[in-house]
Amino acid sequence: MTILLVPIGSHGDVHPFVGIGIRLRERGHRVIMIANPHFESLVRGAGLEFAAVSTDEEYRKMAGDPRLWHRLKGPPLVFEALTALVRPTYDAIAANYVAGETILVGSSLALGARVAQEKLGIPAVTVHLQPLDFRSNFDSPKFAGMLLGPRVPRWLKDLQWWLVDTLMLDRLAAPPLNEIRAELGLAPVKGIVREYWNSPQRVIGLFPEWFSAPQPDWPPQTRLTGFPLYDERGVTGLSDELQAFLAAGEPPIAFTFGSAMWHAHKILEISARACAQLNRRGILLTRHRGQIPASLPPGVIHVDFAPFSELLPRCAALVHHGGIGTCSQGLAAGVPHLVVPHAHDQPDNAARLVRLGVARKVEPRQYRISRVVRELGELLGSSEIAENCKDVAARFVGTDPIGRTCDWIEGLGANVEPMARVQPAVSLL
């Protein structure tokens with residue numbers, strides 16, 4: 001089959017699709033990644049075909065906007081940007097699919113993939129990387145500015161969801177999306193995030209049930225396969241400098257605040273100074289060298305990138321933003337987490353790590369040297385947290401999430417009717 005992979009987002013969004021694409025190619029399929037040119041070298045380096053959508057300049061403009069990391073301003077900014085990708089994404093899919101021989105695999109924000117699924121009749125899978133993408137009134141995810149705890153009545157949760165959809169998400173996404181749908185002869189839709197972004201044929205959650213159990217009000221076509229853990233291992237290795245640093249002393253503390261975080265100078269400076277006060281070695285990971293302080297304390301180094309599956313098992317702790325890919329790698333490595341969640345899925349992921357007993361959370365405004373020193377000292381000194389980390393890491397042994405994901409993708413081609421003959425599983429009202 002020809003399998004079209006359509007991730008939208010940062011490195012953390014693209015990496016899982018690369019891992020899935022590699023395995024699908026090994027199974028004999030033709031795999032084409034449709035993504036921003038910012039990721040072309042990564043995709044081609046993994047041996048996959050590539051088709052460009054948008055420009056590297058547009059990606060950098062979006063990633064460089066400080067509003068992206070604001071809990072309330074960030075989501076509207078994302079939805080304003082993604083609607084501009086609907087038509088070019090659809091066009092790229094239309095140019096690369098083979099009728100009757102293609103499966104489409106799109107990420108949460110790939111609305112152009114959903115349009116192509118309907119218009120072209122391509123069997124399609126929606127892939128959600130994190131639990132936040134699944135709404136629920138039972139074990140509700142943590143959303144900024146919303147009251148969704150277990151004691152909140154269902155009617156109040158429903159009212160909040162309605163307000164979010166009506167006043168923000170549908171208001172931003174529905175008009176431009178429906179304009180394109182009208183051009184293609186498709187009926188208008190509402191409830192873009194409530195229902196529409198989920199393929200009625202198959203939805204895959206790339207996390208395990210012990211991280212977020214399926215809820216009664218999730219889409220019934222959902223399957224959970226586990227954390228994919230792809231991190232360029234085998235393509236990008238640990239540098240000689242990093243290898244030498246790791247071998248020269250005790251396990252360091254790793255600090256990373258996301259590949260799309262371009263405004264981390266202050267938080268990285270605080271991190272370096274906290275290491276000095278703790279008398280611990282540290283590694284500051286960022287692809288953006290301009291964020292690194294001009295001088296670092298002895299025992300603290302900067303690294304552009306390193307596969308976490310190779311690095312984290314050799315670290316004492318991980319301080320990070322709460323991105324789902326970083327969370328999963330830290331869990332697999334069995335290291336304690338100090339999480340500094342900013343926006344999007346990060347607060348919800350942080351809450352789940354704390355619930356597992358492997359992490360502490362610090363709000364960005366609380367990230368001060370004294371607080372970081374205290375939290376890390378308690379994390380590193382807790383035998384209970386160390387035991388919890390060990391227990392959670394054991395849950396990864398013998399699992400093959402990417403293989404299970406590929407099974408469900410391949411099964412769609414064998415078992416599902418063309419989209420044009422499928423009764424829609426979602427309300428469009």
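**View 1. The lining of the largest cavity divides into seven nonpolar, four polar and one charged residue.** Ala, Val, Leu, Ile, Met, Phe, Trp, Tyr, Cys and Pro count as nonpolar, Asp, Glu, Lys and Arg as charged, and the others, Gly among them, as polar. This is a predicted model: local features need pLDDT of at least 70, side-chain atom pairs count only at pLDDT 80 or more, and totals for chains, interfaces and linings use all residues. Residues are numbered from 1 along each chain as its sequence is written, and side-chain values use heavy atoms, without hydrogens and water. A cavity is a set of points on a 1 Å grid over the protein atoms alone where a 1.4 Å probe fits but cannot get out; lining residues have an atom within 4 Å of a point. The largest has a volume of about 50 Å³, the space filled by probe spheres set on the points. Arg114, Gln117 and Trp197 are among its lining residues. Strand 4 gives the largest share, four residues. Strands (E, at least two residues) and helices (H or I, at least four) are DSSP runs, numbered from the N terminus.

**View 2. Helix 10 has a buried set of residues.** Among them are Ile267, Leu268 and Cys275. Buried means under 20% relative accessible area (1.4 Å probe, protein chains only). These buried residues pack against strand 8, strand 9, strand 10 and helix 14. Asparagine 279 follows helix 10, with a positive phi near 60°.

**View 3. Valine 18 has contacts beyond its sequence neighbours.** Leaving aside those within four places in sequence, valine 18 is in contact (heavy atoms within 4.5 Å) with residues including Met33, Leu42 and Tyr230.

Technical notes:
1 Å grid on protein atoms, 1.4 Å probe; cavity = no way out; pocket = protein on both sides within 12 Å on 5 of 7 lines; lining within 4 Å. Buried < 20%, exposed > 50% of the residue type's maximum accessible area, 1.4 Å probe, protein only.
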